[in-house]
Amino acid sequence: MEKLFTTMGCTDHQRVTFATFILEGEANVWWTEEQRLLCGTSTQITLEVFLETFYEHYFPASTREQLESEFLKFTQENKTVTWYEVRFTELVPYAPYIAVFGPSKCRRFLKGLGGDIRSRLIPLMLRDYHELVQRAKMVERDCERTQEV
């Protein structure tokens, strides 16, 4: 949704309006009551307040802490690099201070890769996350071919 808002050039107020418009069922009931409690019907609610309230209700601190802990322990194990990268990307928002950009994200991703792949990538000292992921997939394919022979 954020991608759509950015593409459309929405203001923060428009983002809140559109995001709350698509809420359905229990979420809509919750938001109607929450909005009334926050400021009545005459004051605009900022995007920051909406997001904080929404995430606190649907992703309580205990859940966020659990996902952060999962991220910190997360490794590839016997899964594919593609699977690992997808789950890594899902977990990154729960530990933004550790792995949001560039080198720190690369270090964390590399640390969780399987031994054979990691050992081949460490000497490259890659600092671009997308390049690291692509190289990891290439090394994985090479390892699979080597095992077939």
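1. In this predicted model, helices H3 and H4 cross with right-handed geometry. Helix H3 comprises residues 25-39 and helix H4 residues 47-58; their axes come within 12 Å and cross at roughly 130°. The arrangement of H3 relative to H4 is therefore oblique, since an angle must be over 145 degrees to count as roughly antiparallel.

2. The residues that form this crossing can be listed by helix. On the H3 side they are Glu26, Ala27, Trp30, Trp31, Glu34 and Leu38, and these meet Val49, Phe50, Thr53, Phe54, His57 and Tyr58 of H4. Sorted by class, the H3 contact with H4 contains eight nonpolar, two polar and two charged residues.

3. Helix H4 also packs against helix H2, which spans residues 12-21; the axes of H2 and H4 come within 9 Å and cross at roughly 35°. From H2, the contact draws on Asp12, Arg15, Val16, Ala19 and Thr20, and from H4 on Leu47, Glu48 and Phe50. Its composition by class is four nonpolar, one polar and three charged residues.

4. Turning to the aromatic residues, a search of the whole structure returns 16 aromatic pairs. One of them joins Trp30 and Phe54, whose ring centres are 6.1 Å apart and whose planes stand at 65°; the pair is edge-to-face because planes over 60 degrees apart fall in that category. With Trp30 in helix H3 and Phe54 in helix H4, the pair ties together parts that are 24 residues apart in sequence.

5. Is Trp30 buried or exposed? Its relative accessible area is 9%, so Trp30 is classed as buried, the criterion being a value under 20%.

6. Phe54 takes part in a further ring pair, with Tyr58: the centres are 5.0 Å apart and the planes lie at 40°, which makes the pair tilted. Both residues belong to helix H4, and because they are four residues apart, about one helical turn separates Phe54 from Tyr58. Tyr58 has a relative accessibility of 27% and therefore counts as partly exposed.

7. Which residues do ring pairs link into a cluster? The members are Trp30, Trp31, Phe50, Phe54, Tyr55, Tyr58 and Phe59.

Definitions and conventions
Residues numbered from 1 in each chain as written. Predicted model: local features only at pLDDT ≥ 70, side-chain atom pairs only at ≥ 80, totals over all residues. Heavy atoms only, no water. Axes fitted to C-alpha atoms, helices over the stretch in contact; angles between N-to-C directions. Helix = DSSP H or I, 4+ residues; strand = E, 2+ residues; numbered from the N terminus. Parallel < 35°, antiparallel > 145°, perpendicular 65-115°, else oblique. Left-handed = near helix turned anticlockwise from the far one by under 90°. Contact = heavy atoms within 4.5 Å. Nonpolar A, V, L, I, M, F, W, Y, C, P; charged D, E, K, R; others polar. Phe/Tyr/Trp six-rings, centres within 6.5 Å; stacked < 30°, edge-to-face > 60°. Buried < 20%, exposed > 50% of the residue type's maximum accessible area, 1.4 Å probe, protein only.
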